[in-house]
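User: I would like to learn how to read a protein model step by step. Could you guide me through the sheet and the aromatic rings?

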Amino acid sequence: MMQDFRHTYIRLCKDHHIDPQDCVLEKLKSLAVGSSSKAVLDLSTNSLTPKTCAVLGKVLASDRTFVEIKFSDCMLAEDAIKGLSQGLTHNTFCRKLDLKGNNIRGTATEALGKMLCHNKSLVSLCLEWNAMGMLDNSFAVFCEGVGSNTSLRALDLRNNQISHDSVAELAASLKRNVHLKALDLRWNNCGLLGGRALLEMLQSNKTLSRLELAGNNIPSDILKSIETAVQNNADRQIIVDENLKRTQTMAKHIRGLEQDKKLQLNELLTTIDQQEEVIRKSQRLSTHQIGNLQVALDERKSAFNSLAAKLSMAETELALSEQKVNDFNSTVNRLKSEMQEMAVSHMNELRKEKEDRANEELKYLKEISDAQDKNIQLQNKVEDLERKCRQQQEQIYDLKEQLTHVQSELTLKGSQFEERITQEKLRQKEAMRDLEQYKQKDMARMKQESEEMERILRDRISKMESQRLDMEEEISRLKSANVSDKLNAEEQIASLKHRLKSEEEQRHVQLEEKIRVLQTSRDELHSHCNQQTSTISQLQHKNSNLQLELENMRRQMNEVNEELSQKNNYTMAEVGKVKAEMSKYQSKLDQERSIQSELREKLASVDTQMSEQLLKHRKQVEEKDKEIVMLEEKLKGRELELVRLREEEAQRVQALQSAIFNYVGSKQGTATR
């Protein structure tokens with residue numbers, strides 16, 4: 001197989017007038033030395049020309065040798081990728097393809113997409129360290145190929161500069177693909193929009209069970225929701241695989257039972273055939289014997305006709321022969337009856353076996369129905385899990401909406417700070433413009449002064465020329481004075497220029513310091529805003545704690561009220577008991593007074609005892625009243641504490657509101673400035 005591949009490669013190179021590359025020939029030679037049924041074609045880190053790749057593509061189109069092909073870190077050109085993809089379009093044997101680090105982009109990406117549209121054998125495709133996402137149109141063609149492919153199970157797109165628009169295209173194509181199980185998108189530029197597109201895709205795609213998204217600037221909440229969706233897909237796939245395995249095992253078991261049934265039926269049919277052959281043999285023997293008897297009878301008849309004289313002997317022989325014939329007929333009838341009985345017994349056995357087979361089929365049908373019920377229960381469990389996933393996703397969407405509201409508020413605050421910065425920049429530009437105008441005015445003034453000086457000097461020169469003949473010495477002196485004045489004027493102009501430059505630099509430094517101060521103030525405002533948000537969250541936490549304390553106090557008050565009611569009931573019951581006892585004692589005393597007037601002393605003692613008991617009961621009642629008063633005072637103290645806590649909470653809320661209003665007012669004042 002390796003030799004055929006090498007010969008076809010060399011022949012096609014000769015047909016296209018191309019020199020075969022040495023690296024390819026050496027690799028094919030090494031593979032031919034250690035040949036195996038499932039070889040790997042590894043041409044990584046080799047610089048392959050587009051023509052060589054076109055020839056390799058043509059050879060690979062009809063190849064059935066290499067299961068895995070590697071072209072990693074070859075930096076292949078677009079034409080080379082096109083040639084390889086054209087060949088791999090018709091390949092039906094290769095399972096893994098590695099194109100790592102080839103700077104694939106543009107038309108090469110489109111060629112790979114077209115190859116995936118037609119290829120039905122690739123299971124794994126590695127495209128790491130390329131630039132497929134630079135052009136959205138070409139990557140859209142690649143996504144169409146991924147969506148229409150039915151054999152690909154693993155796709156590696158790490159470090160491909162894929163933007164959020166390209167990720168959205170890929171997600172739309174994966175909604176149609178129900179065969180891809182692993183996707184690697186690490187170290188790209190998916191962002192928030194790409195993460196949302198992938199999350200939306202996972203709501204419809206239930207086969208993608210592994211998705212890598214590290215280094216894509218996706219928010220953590222979206223990443224968590226994507227991970228949960230992928231985990232749910234993995235769990236679903238595990239359940240589906242288990243169901244498939246169970247159904248396969250059941251199908252194998254049913255097929256084995258059917259084969260056993262077929263074997264039993266074949267054995268029964270063979271036994272029936274054997275019995276039928278025995279019956280046929282017995283019938284043949286009986287017919288042969290009957291034929292022999294008929295021959296003997298014919299001979300006897302001929303002998304009877306020939307030997308009419310020996311009639312008596314012939315009659316006796318005929319009688320004997322008739323007896324023998326009767327015996328043979330009886331034996332034949334007996335054999336026929338035995339054959340019929342055997343046939344009836346075989347028919348009964350066949351009927352019983354059919355009934356047993358029908359019973360076994362009913363049992364297997366019941367088992368199949370039980371398995372189907374179990375599958376339905378598992379499907380219901382899967383639906384429950386999906387419903388729970390939907391509820392969790394709805395909660396996630398609510399949290400996302402809250403996050404978007406908070407982010408919108410932050411963006412508004414950021415836009416206000418940016419407006420302040422732009423105003424300060426405009427002020428700086430206006431100050432620079434004023435400085436330039438002042439500089440131009442000073443330059444114009446200096447030019448006017450110099451022009452005026454030159455005009456005055458020219459007038460003097462003209463006057464001195466009119467008096468030149470008389471005053472040459474004076475002219476020379478005046479010339480020297482003019483030269484000195486010019487030098488002084490130039491020195492003054494230079495000093496003014498230097499002074500203006502220094503002032504401009506100082507103003508520029510001051511403006512930069514102002515910008516830096518404004519930036520620091522903006523950072524301080526951000527930090528102050530974060531502190532305010534943290535304080536608000538802390539106050540909310542404190543408020544919730546106070547509410548919990550209030551609920552606990554209320555619960556305690558209710559418990560105290562219940563105890564008071566119980567104690568009141570107890571005291572009332574005791575008072576009722578005392579009253580009942582008192583009434584009993586009084587009735588007894590009345591009876592004793594009516595019956596025995598002699599026992600007044602005893603009654604007095606009894607009265608004293610009753611008075612003592614009454615005093616004791618009164619003391620007990622007073623103690624209980626005191627306890628009730630103490631509990632009421634405790635209740636009042638608790639109520640006062642609750643009122644104080646409510647007032648403190650109201651004061652804190654007012655302080656918070658005033659602080660928030662002051663903060664908002666200060667922000668509005670700074671914004672209006």
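User: How many strands form the open sheet, and is the pairing parallel or antiparallel?

Analyst: Strands of a sheet pair through backbone hydrogen bonds, either parallel or antiparallel. Here seven strands form an open sheet with parallel pairing, in the order 1-2-3-4-5-6-7. Strand 1 (39-42) and strand 7 (210-212) stand at the edges with a single partner strand each, so one side of each has no neighbour in the sheet. Strands are DSSP runs (E, at least two residues), as helices are (H or I, at least four), numbered from the N terminus, and two strands pair if DSSP finds at least two bridges between them. This is a predicted model, in which local features need pLDDT of at least 70 and side-chain atom pairs count only at pLDDT 80 or more, while totals for chains, interfaces and linings use all residues. Residues are numbered from 1 along each chain as its sequence is written, and side-chain values use heavy atoms, leaving out hydrogens and water.

User: How many bridges join strand 3 to strand 4?

Analyst: Three bridges join strand 3 (residues 96-98) to strand 4 (residues 124-126), and Leu97 has Leu125 as its bridge partner.

User: Which aromatic pair is edge-to-face?

Analyst: Rings of Phe, Tyr and Trp (its six-membered ring) pair if their centres lie within 6.5 Å, and planes under 30 degrees apart count as stacked, over 60 as edge-to-face and the rest as tilted. The whole structure holds two aromatic pairs. Phe5 and Phe66 have ring centres 4.9 Å apart and planes at 85°, so this pair is edge-to-face. Phe5 lies in helix 1 (residues 2-15) and Phe66 in strand 2, so the pair ties together parts 61 residues apart in sequence.
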